[in-house]
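Hello,

Here is the structure I said I would pass on. My notes on what was found in it follow below.

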Amino acid sequence: MGCLDGHGKTRPPFAWEEARRLTLRAKLDALYFILSGVFDPDNAAASRDDIRDIYSTFPIVAEKETEKWGSYKSEQLCLAWISEVMAGQPDAGIGA
(Lines give C-alpha, C1' and ligand atoms only; values in the text may rest on other atoms or scores of the structure.)
Protein backbone atom coordinates (compact mmCIF):
# COMPACT_ATOMS: atom_id res chain seq x y z
CA MET A 1 0.00 0.00 0.00
CA GLY A 2 1.31 3.44 -0.86
CA CYS A 3 0.44 6.91 0.27
CA LEU A 4 -1.60 9.64 -1.40
CA ASP A 5 0.29 12.24 -3.40
CA GLY A 6 -1.98 15.21 -2.62
CA HIS A 7 -4.08 14.69 -5.75
CA GLY A 8 -5.84 11.58 -4.52
CA LYS A 9 -3.50 9.22 -6.38
CA THR A 10 -1.61 6.47 -4.66
CA ARG A 11 2.14 6.38 -5.08
CA PRO A 12 4.60 3.78 -3.86
CA PRO A 13 6.03 4.50 -0.39
CA PHE A 14 9.68 4.29 -1.51
CA ALA A 15 11.93 3.05 -4.24
CA TRP A 16 13.41 -0.35 -3.51
CA GLU A 17 17.18 -0.05 -3.45
CA GLU A 18 18.73 -3.34 -2.41
CA ALA A 19 22.26 -1.98 -1.86
CA ARG A 20 20.91 0.83 0.33
CA ARG A 21 18.84 -1.61 2.39
CA LEU A 22 21.90 -3.84 2.87
CA THR A 23 23.91 -0.85 4.07
CA LEU A 24 21.17 0.30 6.47
CA ARG A 25 20.76 -3.21 7.93
CA ALA A 26 24.52 -3.48 8.46
CA LYS A 27 24.60 -0.09 10.19
CA LEU A 28 21.75 -1.15 12.48
CA ASP A 29 23.55 -4.42 13.22
CA ALA A 30 26.68 -2.45 14.13
CA LEU A 31 24.73 -0.20 16.47
CA TYR A 32 23.00 -3.17 18.11
CA PHE A 33 26.34 -4.94 18.63
CA ILE A 34 27.80 -1.82 20.23
CA LEU A 35 24.77 -0.96 22.38
CA SER A 36 24.24 -4.53 23.57
CA GLY A 37 27.88 -4.90 24.59
CA VAL A 38 28.79 -7.58 22.05
CA PHE A 39 31.42 -5.16 20.75
CA ASP A 40 33.82 -4.26 23.53
CA PRO A 41 36.20 -1.45 22.52
CA ASP A 42 38.67 -2.63 25.16
CA ASN A 43 38.88 -5.98 23.40
CA ALA A 44 38.12 -5.08 19.80
CA ALA A 45 39.87 -8.04 18.13
CA ALA A 46 38.01 -10.63 20.20
CA SER A 47 34.75 -8.69 19.73
CA ARG A 48 35.20 -8.73 15.95
CA ASP A 49 35.77 -12.50 16.11
CA ASP A 50 32.57 -12.84 18.17
CA ILE A 51 30.65 -10.83 15.58
CA ARG A 52 32.04 -12.99 12.76
CA ASP A 53 30.91 -16.05 14.73
CA ILE A 54 27.41 -14.60 15.02
CA TYR A 55 27.28 -13.89 11.28
CA SER A 56 28.49 -17.45 10.58
CA THR A 57 25.17 -18.72 11.98
CA PHE A 58 23.46 -17.41 8.83
CA PRO A 59 25.05 -19.60 6.12
CA ILE A 60 22.24 -19.16 3.62
CA VAL A 61 22.51 -15.36 3.82
CA ALA A 62 26.29 -15.65 3.45
CA GLU A 63 25.89 -17.87 0.39
CA LYS A 64 23.33 -15.61 -1.30
CA GLU A 65 25.30 -12.44 -0.62
CA THR A 66 28.52 -14.02 -1.84
CA GLU A 67 26.72 -15.07 -5.02
CA LYS A 68 25.32 -11.59 -5.56
CA TRP A 69 28.05 -9.30 -4.20
CA GLY A 70 31.15 -11.50 -4.30
CA SER A 71 31.51 -11.50 -0.52
CA TYR A 72 29.48 -11.66 2.70
CA LYS A 73 28.63 -7.95 2.54
CA SER A 74 26.48 -7.80 5.68
CA GLU A 75 29.38 -8.93 7.82
CA GLN A 76 31.92 -6.69 6.08
CA LEU A 77 29.71 -3.62 6.20
CA CYS A 78 28.78 -4.18 9.85
CA LEU A 79 32.43 -4.41 10.88
CA ALA A 80 33.22 -1.30 8.83
CA TRP A 81 30.35 0.58 10.49
CA ILE A 82 31.57 -0.46 13.93
CA SER A 83 34.97 1.03 13.11
CA GLU A 84 33.41 4.28 11.92
CA VAL A 85 31.01 4.62 14.85
CA MET A 86 33.78 3.93 17.36
CA ALA A 87 35.95 6.53 15.58
CA GLY A 88 33.16 9.09 16.01
CA GLN A 89 32.09 9.00 12.36
CA PRO A 90 28.55 7.53 12.44
CA ASP A 91 27.62 9.29 9.21
CA ALA A 92 30.55 7.96 7.17
CA GLY A 93 29.92 7.13 3.54
CA ILE A 94 30.09 3.34 3.79
CA GLY A 95 28.00 1.50 1.26
CA ALA A 96 27.54 -1.75 -0.59
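**Overall dimensions**

The protein has a radius of gyration of 17 Å, whereas a compact globule of 96 residues would have one near 12 Å. Please keep in mind that this is a predicted model. Along its principal axes, the C-alpha trace spans about 55 × 30 × 20 Å. Buried residues account for 25% of the 96 residues in the protein. If we take the contacts between residues at least 6 apart in sequence, 48% of them join residues at least 24 apart.

**Secondary structure**

There are 4 helices and 2 strands in the protein. Their order along the sequence is β-β-α-α-α-α. The helices discussed below are α1 (residues 18–35), α2 (residues 44–55), α3 (residues 59–69) and α4 (residues 73–86).

**Helix α1 against α4**

The axes of α1 and α4 come within 8 Å and cross at roughly 55°. The two helices are therefore oblique to each other, and their crossing is right-handed. On the α1 side the contact is made by Leu22, Thr23, Ala26, Lys27, Asp29, Ala30, Leu31, Phe33 and Ile34. On the α4 side the residues are Lys73, Ser74, Leu77, Cys78, Trp81, Ile82, Val85 and Met86. By class, the contact of α1 with α4 consists of 12 nonpolar, 2 polar and 3 charged residues.

**Helix α2 against α4**

For α2 and α4, the axes come within 10 Å and the crossing angle is roughly 150°. Angles over 145 degrees count as roughly antiparallel, so α2 is roughly antiparallel to α4. This crossing, of α2 and α4, is right-handed. Helix α2 contributes Arg48, Ile51, Arg52 and Tyr55 to the contact, and α4 contributes Ser74, Glu75, Cys78, Leu79, Ile82 and Ser83. The residues of the contact of α2 with α4 divide into 5 nonpolar, 2 polar and 3 charged.

Ser74, Cys78 and Ile82 of α4 are named in the contact with α1 and also in the contact with α2.

**Helix α1 against α3**

The axes of α1 and α3 come within 13 Å and cross at roughly 135°. That makes α1 oblique to α3. The crossing of α1 and α3 is left-handed. Glu18, Ala19 and Leu22 of α1 make the contact with Glu65, Lys68 and Trp69 of α3. The contact of α1 with α3 has 3 nonpolar and 3 charged residues, and no polar ones. Leu22 of α1 takes part in this contact with α3 as well as in the contact with α4.

**Individual residues**

Ser47 is found in helix α2. Is Ser47 buried or exposed? Its relative accessible area is 3%, so Ser47 is buried. Leaving aside neighbours within four places in sequence, Ser47 is in contact with Val38, Phe39 and Asp40.

Arg25, in helix α1, has a relative accessibility of 42% and so counts as partly exposed. From Arg25 to His7 the C-alpha to C-alpha distance is 34 Å, and the two residues are 18 apart in sequence.

Gln76 lies in helix α4. Gln76 is partly exposed, with a relative accessible area of 42%. Between Gln76 and Lys9, which are 67 residues apart along the chain, the C-alpha atoms are separated by 41 Å.

Gly95 sits in the segment after α4. With a relative accessible area of 41%, Gly95 is partly exposed. Which residues does Gly95 touch, not counting residues up to four places away in sequence? They are Thr23 and Leu77. Thr23 belongs to the α1 side of the contact between α1 and α4, and Leu77 to the α4 side.

Regards

Note on methods. Residues numbered from 1 in each chain as written. Predicted model: local features only at pLDDT ≥ 70, side-chain atom pairs only at ≥ 80, totals over all residues. Heavy atoms only, no water. Axes fitted to C-alpha atoms, helices over the stretch in contact; angles between N-to-C directions. Parallel < 35°, antiparallel > 145°, perpendicular 65-115°, else oblique. Left-handed = near helix turned anticlockwise from the far one by under 90°. Contact = heavy atoms within 4.5 Å. Nonpolar A, V, L, I, M, F, W, Y, C, P; charged D, E, K, R; others polar. Rg over C-alpha atoms; globule rule 2.2 N^0.38 Å. Buried < 20%, exposed > 50% of the residue type's maximum accessible area, 1.4 Å probe, protein only.
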